[in-house]
Amino acid sequence: MKIGFIGLGNMAKAVIGGMLQNQMVQPGDIVGTARTEKTREAVSEAYGIETRQSNEDVAREAEVLILAVKPQFFQEVIEQIRDAVSEDTLIISIAAGKTLRWIEEAFGREIKLVRCMPNTPALVGAGCTGVCVNDRVSEEEMAYSIRLMESFGRASLVPEHLMDAVGAVSGSSPAYVFMFIEAMADAGVAAGMPRTQAYEFAAQAVYGAAKLVLESGKHPGELKDMVCSPAGTTIQGVRVLEERGMRGAVMDALTAAVEQSKKL
């Protein structure tokens, strides 16, 4: 099966790397294109895939076509490939904010369409992706799409009306977690730790805490309570975070991201 990529940025490379690492396909099964020759050559050299100069050529060859361009370029790209895409082609979009209906209307005809919302930890095989499909996608095609997304992390089928929430909770939130890690490291430096070591300790603590939530099955509140010893250090830190409105600030940030996603 030939898999085509229009756009060869970070997310496309995460998908390609995951598929190859999990041996879902071979490099010769993938063809892609990007705006610049420099990008095409770099990705071809890194992953051993074929590349083409035009979006139309990739769309014409692909049995599964992954649209991995930024939302603002979608209209332009779809206009270029509309007539080159076969009615049997499975189209997978990984653009934020572009709904199934919007994409279908841009193509101007019935298509098999999957909409996915991955996040940047996909670059290290730890992504989290929401998936929804239109009514022309078969059960087999839906399962295949989910397997593709699972090649670089976790993936789950969600109703489309939750995709803006998915984008906020898993798509945007790594940025907030990076800020949290940076702040913890700064505190470590203030307490005398070397900066490199402070980043390592802070990042590993976040990684371990997330892994514990996913693998223990325990509620995050229960796990938090396990760390908070009576009259200990942690509960004093929790008190300060509560006083400063940490929970409310996080909720407000994600709500703002949801609202912005709806405007894209």
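Colleague: Is alanine 42 buried, partly exposed or exposed?
Modeller: In this predicted model, alanine 42 counts as partly exposed, because its relative accessibility is 45% and the exposed class starts over 50%.

Colleague: Where is alanine 42 found?
Modeller: Alanine 42 is part of helix 2, which covers residues 37-47. Its C-alpha atom is separated by 9.7 Å from that of leucine 8, a residue 34 positions away along the chain.

Colleague: Changing topic, how many salt bridges does the structure hold?
Modeller: There are 16 salt bridges in the structure. One of them joins arginine 115 and glutamate 160, with an N to O distance of 3.0 Å. Arginine 115 belongs to strand 6 and glutamate 160 to the loop between strand 8 and helix 7, so this pair ties together parts that are 45 residues apart in sequence.

Colleague: And which of these two counts as buried?
Modeller: Arginine 115 is buried, at 2% relative accessibility, whereas glutamate 160 is partly exposed at 27%.

Colleague: What links Glu50 and Arg52?
Modeller: Their side chains meet in a salt bridge of 2.7 Å, N to O. The two residues are also part of a salt-bridge network with Lys2 and Glu61. Glutamate 50 is partly exposed at 28%, and arginine 52 is partly exposed at 23%.

Colleague: What about the charges overall, how many positive and negative side chains are there?
Modeller: The protein has 26 positive and 34 negative side chains, and the centres of the two sets lie 5 Å apart.

Colleague: Finally, how many helices and strands are there?
Modeller: The protein contains 11 helices and 8 strands, and 39% of its 264 residues count as buried.

Note on methods: Residues numbered from 1 in each chain as written. Predicted model: local features only at pLDDT ≥ 70, side-chain atom pairs only at ≥ 80, totals over all residues. Heavy atoms only, no water. Helix = DSSP H or I, 4+ residues; strand = E, 2+ residues; numbered from the N terminus. Buried < 20%, exposed > 50% of the residue type's maximum accessible area, 1.4 Å probe, protein only. Lys, Arg positive; Asp, Glu negative; His and termini not counted. Charge placed at Lys NZ, Arg CZ, Asp CG, Glu CD. Salt bridge = Lys/Arg side-chain N within 4 Å of Asp/Glu carboxyl O.
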